[in-house]
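Work through the exercises below with the model at hand, and try each task before reading its solution.

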Amino acid sequence: MPCGAGTSLSPATVAAVNRCYLAIDVGSDKLAAAIVGEDAAVLVRDRIATPQREVWPAVARLAKRVLAAAPAVPVACGVGCAGPLDVSAGTVSPLHIPSLENFPMATECAAAVGLPTAVDSLAKTIAMGEAWCGAGVEVADFVAVWLGPTVGGGVVSNGKLLEGQHGNAGNLGHMVVEADGRDCACGGKGCLDAYVGGRAIEEETGRPPNRAPQSIVERSGLYLARVLASVGAVCDLRLAVVGGPVAHGFGAPLISAIQGEVDQRAKLSFIQGFRVVPSGLGEAGPLLGAAALARGLG
């Protein structure tokens, strides 16, 4: 069972909280912040639509507003941000938020909120959240996929999150699923994100992803399954955790479509029995993931 994703606490319980984290989600469609307890309960939260301009000032105001309502002083801050990014430099360059290109998110956020701050990609923090209190609890090897406006992923191998040279490991949205396919925001062609990301689906269908026709759900499952079977073979794992607003909107038919195609493709002995399961974090996934990142500092 996930640990209290989005649950409400009684006033007495809130008053007793003495260890919590500031969690910040910087996405291309929304900005969110929360105070998350050590038991993964979301104590306070707020969100706004991502503005077209002046994104960082909006993030700072939101974080300070949530801090002002915190039942206790957080011990650390975690920021999950759309990528790509450079973890060692503490900078972010979200493809769909041009005003944050090469922005020093880690140092600016630490200065704004007065807390030790860590920054990582949204999808990787979600993988950390799944390992902490979601569908990846006590699982040493799995891949987490987040289907939002764009597609991201994080890989946990032998109990540790894969990082890569700059912190962008697990970027499943830019694995190629169609040779010479659709143009992608990254500059390439045929990326998974250009077919399964919420932005791409809305552009193609003219409607929100949760109202997409069954053919889109099935195609999304097919492409995702091919990517996941490949990741399973490369990383020697047999579990995929799939979440995000697009996945939640598609529901069980998406999970079923992915699983059916994975069963046809995951034939190597060490990945046979590959399972695809829904996220255990619910809609609070990005905030719980950012809190999981902060826990590593606290």
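**Exercise 1.** Determine in which hand α6 passes α7, and which residues make the contact.

*Solution.* Step one is the hand: α6 passes α7 in a right-handed crossing, where right-handed means that the near helix is turned clockwise from the far one by less than a right angle, and left-handed that it is turned anticlockwise. Step two is the geometry, in which the axes of α6 (residues 198–205) and α7 (residues 214–235) come within 12 Å and cross at roughly 145 degrees; axes are lines fitted to C-alpha atoms over the stretch in contact, and angles run from 0 to 180 degrees between N-to-C directions. Step three is the contact (heavy atoms within 4.5 Å), to which α6 gives Ile-201, Glu-204 and Thr-205, while α7 gives Ile-216, Arg-219 and Ser-220.

The model is a predicted one, in which local features need pLDDT of at least 70 and side-chain atom pairs count only at pLDDT 80 or more, while totals for chains, interfaces and linings use all residues. Residues are numbered from 1 along each chain as its sequence is written, and side-chain values use heavy atoms, with hydrogens and water left out.

**Exercise 2.** Describe how α2 and α3 are placed relative to each other.

*Solution.* Begin with the numbers: helix α2 (residues 55–68) and helix α3 (residues 105–113) pack at an angle of about 40 degrees, and their axes are 10 Å apart. The two helices are therefore oblique to each other, a word for angles that are not under 35 degrees (roughly parallel), over 145 (roughly antiparallel) or 65 to 115 (roughly perpendicular). Then take the residues: Trp-56, Ala-63, Lys-64 and Leu-67 of α2 meet Met-105, Glu-108, Cys-109, Ala-112 and Val-113 of α3.

**Exercise 3.** Decide whether Asp-120 is buried or exposed, and find the partner of its side chain.

*Solution.* Next, Asp-120 is buried because its relative accessible area is 3%, and buried means under 20%, exposed over 50% and partly exposed in between, with a 1.4 Å probe and protein chains only. Finally, the side chains of Asp-120 and Lys-124 are joined by a polar contact of 2.9 Å, that is, a pair of N or O atoms within 3.5 Å, one able to donate a hydrogen and the other to accept it.

Note on methods
Helices (H or I, at least four residues) and strands (E, at least two) are DSSP runs, numbered from the N terminus.
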